[in-house]
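Open the model in your viewer and get ready to click through it stop by stop. Each stop says what to select and what you'll find there.

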Amino acid sequence: MTREPLTLIEVEALAREAHEGQTDKAGRPYAEHLAAVAEGVRLRGGSAEQQAAAWLHDSVEDDALSAEWLASAALPDPVKAMVLALTKRPGEPLEEYAARILATPGAVLVKEADLAHNADPVRLSVLDGPTRDRLSAKYAYVRSLLGITTP
């Protein structure tokens, strides 16, 4: 029996529920970041599958949803592949992470939108100087590894 894939609205609701109570480094509700990344993907011309991956891009990494859940979810395989590609693994070098993203169709655009929101000066301004500098350098390095020229 084939299940209908989750709609984008269902994926959004699922992601919001999965990350309920989580906050970002600035103390903001984590769903705000997910919404910004999904909108960034949409504005960059991303597909519905890429937008779904944007909503779920941190779900496995942040333990909001399990890899087992993702494997059995009613989602197209490209969405699952993008989410897994965007899931940073503990201790994984950034170079390996970037190589996996580059090798996964559609994932670079999602990561571009993620990095753009993470590097937003307004978001970074509420962090302490050393944290802001460390994250800014990390985001710039990942952009360079992925061939993304704009912040």
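In which loop is the place of Thr104? Select Thr104 and you'll land in the loop between α6 and α7; helices here are DSSP runs of H or I with at least four residues, strands are runs of E with at least two, and both are numbered from the N terminus.

Before going further, a word on the ground rules. This is a predicted model, where local features need pLDDT of at least 70 and side-chain atom pairs count only at pLDDT 80 or more, while totals for chains, interfaces and linings use all residues. Residues are numbered from 1 along each chain as its sequence is written, and side-chain values use heavy atoms, with hydrogens and water left out.

**Stop 1: Thr104**

Stay on Thr104, which is buried at a relative accessible area of 13%. Buried means under 20% relative accessible area, exposed means over 50%, and partly exposed is in between, with a 1.4 Å probe and protein chains only. Show its contacts (heavy atoms within 4.5 Å): leaving aside neighbours within four places in sequence, Thr104 touches Ala81, Met82 and Ala85.

**Stop 2: the whole chain**

Zoom out and switch to cartoon. Along the principal axes, the C-alpha atoms fill a box of roughly 55 × 35 × 30 Å. The radius of gyration is 15 Å, in agreement with the value near 15 Å for a compact globule of 151 residues; this is taken over C-alpha atoms, and the globule rule is 2.2 Å times the number of residues to the power 0.38.

Colour by burial next: 43% of the 151 residues are buried. Among contacts with a separation of 6 or more, 61% are between residues 24 or more positions apart.

**Stop 3: the nonpolar core**

Select Leu56, Leu75, Val83, Val110 and Leu146. Of the 41 residues in the largest nonpolar core, these touch the most other members. Such a core is a set of buried Ala, Val, Leu, Ile, Met, Phe, Trp, Tyr and Cys residues joined through side-chain atoms within 4.5 Å. Helices α1 (8–18), α2 (30–43), α3, α5, α6, α7 and α9 (129–146) each supply at least two residues of this core.

Beyond its neighbours within four places in sequence, Leu56 is in contact with Val11, Leu14, Ala15, Leu65, Leu75 and Val83.

**Stop 4: helix α3**

Select residues 48–56 for α3. Because 7 of its 9 residues are buried, α3 is largely enclosed by the rest of the structure. The buried ones are Gln50, Gln51, Ala52, Ala53, Ala54, Trp55 and Leu56, and they pack against α1, α2, α5 and α7.

**Stop 5**

Is Val60 buried or exposed? Val60 counts as buried, at 13% relative accessibility. Outside its four-place sequence neighbourhood, Val60 is in contact with Leu65, Ser66, Ala67, Leu70, Val83 and Thr87. Draw a distance from Val60 to Leu70: they are 10 residues apart along the chain, with C-alpha atoms separated by 8.1 Å.

Asp63, by contrast, is exposed, with a relative accessible area of 69%. Check its backbone too: phi of Asp63 is near 60°, a positive value in a residue other than glycine.

**Stop 6: helix α5**

Select residues 77–86. In this helix, Val79, Lys80, Met82, Val83, Ala85 and Leu86 are buried. Their cover includes α3, α4 (67–72), α6 (94–102) and α7.

Leu84 is also in α5, but counts as partly exposed at 39% relative accessibility. Leaving aside neighbours within four places in sequence, Leu84 is in contact with Leu70, Arg89 and Arg100. From Leu84 to Ala107 is 23 residues in sequence and 9.6 Å in space, C-alpha to C-alpha.

**Stop 7: Lys111**

Finish in helix α7 (residues 107–118), the place of Lys111. How does its side of the story look in the viewer? Lys111 is buried, with a relative accessible area of 9%. Show what surrounds it: past the neighbours within four places in sequence, Lys111 is in contact with Leu86, Tyr97, Ile101, Val142 and Leu146. Two of these have come up already, with Leu86 among the buried residues of α5 and Leu146 among the core members that touch the most others.
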